[in-house]
Amino acid sequence: MKIRFIIQIMLPVILILISEASASTQLSPPKILVVTSTPDIAWAIREIGGDRVEVQSLLTGREDPHFVDARPDYVAKVSKADVVCSVGLELEVGWLPKVLAKAARRDIQPGGKGYCEFGSKVETLEKPTSPVNRSQGDVHPAGNPHFWLSPSVFAKATREAVDALERVRPELKGAFDARYSEFLRMMLGLETRLQAKLSQSALTGANARYAEYHREFVYFSKSFGLTGVAVLEEKPGLSPSAARLAMVSTQLKAEKVSLVLAATSAPQKLIRKFEELSGLKVAVVPVSVQSNSDFESYPKLLERIVDVLIEASKQNQKRAQ
Ligand SMILES: [Zn+2]
């Protein structure tokens, strides 16, 4: 009697639960798995894709993206991806093509529907006018690839990822387009807000002139009204000699430039050497979003860079007095 009761009452309930479970799996299609080279473009794609994407970045934001090994775990991640996005403009040319080749999946190779390079939507700065041979050590043979430090340029370039997401999931075009419009508005708002912050700081006019270790703040400085006057590296990617450091140091003294920038991944030994030679304190800034840090989102990263610059400029001007 008891068993019959259980079967009569519980069986329909169990059947309903099973059918609901299977309906809900049918209703939510699998997430688009996106693998990116850098955490900055991973952040942008999460903003666009929301809960429809799962995004993994190969790099952590602590490496120099020009010089990375094609690691086997990168190949494993990329071979599962629906979409692979890179910064492009040959930033990752030393390692990503090897990773893609080893992953051996047609859709994510250049030209495939799941492949995207943000740089293809960028008006490239410092495009060489004569052929550059990367084997001579220049890591910017296709022009300057560090556009992501300008919010407006980065936002425009993110259209490339929107197109890739829409190619692999055309039914979500409307949703991705709407989120992209929102993203553009947010990024332009960020740029305007930080421009205002800089214009109220001491970092204007002659004080807005700077030198950098590697040529990576050109898009940033265009957005925020700074002027680059010298680069410590003789060629992008080539470590400067002691003579080069001394020469730049003399130039900065003569021109009364006190702001010098370097990424956290720049060789610390050379930075210290330059500080000794020039008597200037180099402002070391993160140039990529990093998880488990207080700049794990792009707006926080940019805010951090601007704050470090304002503080460094203040300190250097105080020292010069
Ligand atoms: Zn570079």
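A residue is called buried if 20 or more other C-beta atoms lie within 10 Å of its own, exposed if 12 or fewer do, and partly exposed in between, with C-beta atoms placed from the backbone. The structure is a predicted model, in which local features need pLDDT of at least 70 and side-chain atom pairs count only at pLDDT 80 or more, while totals for chains, interfaces and linings use all residues. Residues are numbered from 1 along each chain as its sequence is written.

**Overall build**

- The chain holds 11 helices and 8 strands, these being DSSP runs numbered from the N terminus (helices H or I, at least four residues; strands E, at least two).
- Its C-alpha trace spans about 100 × 45 × 35 Å along the principal axes, and 38% of the 321 residues are buried.
- Of the contacts between residues at least 6 apart in sequence, 65% join residues at least 24 apart, a contact meaning that the two C-beta atoms, placed from the backbone, lie within 7 Å.

**Positive phi outside glycine**

- Ala104, with phi near 50°, lies in the loop between helix 4 (96-103) and strand 4 (115-117), and Ala104 is exposed because it has 11 other C-beta atoms within 10 Å.
- Asn292, with phi near 55°, is placed in the loop between strand 8 (282-285) and helix 11 (298-320), and counts as exposed because it has 6 C-beta neighbours inside 10 Å.

- An open sheet of 4 strands runs in the order 6-5-7-8 with parallel pairing, where two strands pair if DSSP finds at least two bridges between them.
- The edge strands, each pairing on one side only, are strand 6 (227-231) and strand 8, and the twist averages 35° from one strand to the next.
- Strand 5 (residues 209-212) pairs with strand 6 in the parallel sense over 4 bridges, and Glu212 has Val231 in strand 6 as its bridge partner.
- Helix 9 packs on this sheet, touching strand 5 and strand 6, and its direction makes about 145° with that of strand 6.

**Helix 9 against helix 10**

- Helix 9 (residues 242-255) and helix 10 (residues 268-278) pack at an angle of about 45° with axes 9 Å apart, the axes being lines fitted to C-alpha atoms over the stretch in contact and the angles running from 0 to 180 degrees between N-to-C directions.
- That angle makes helix 9 oblique to helix 10, since angles under 35 degrees count as roughly parallel, over 145 as roughly antiparallel, 65 to 115 as roughly perpendicular and the rest as oblique.
- Leu245, Ala246, Ser249 and Leu252 in helix 9 meet Lys273, Phe274, Leu277 and Ser278 in helix 10.
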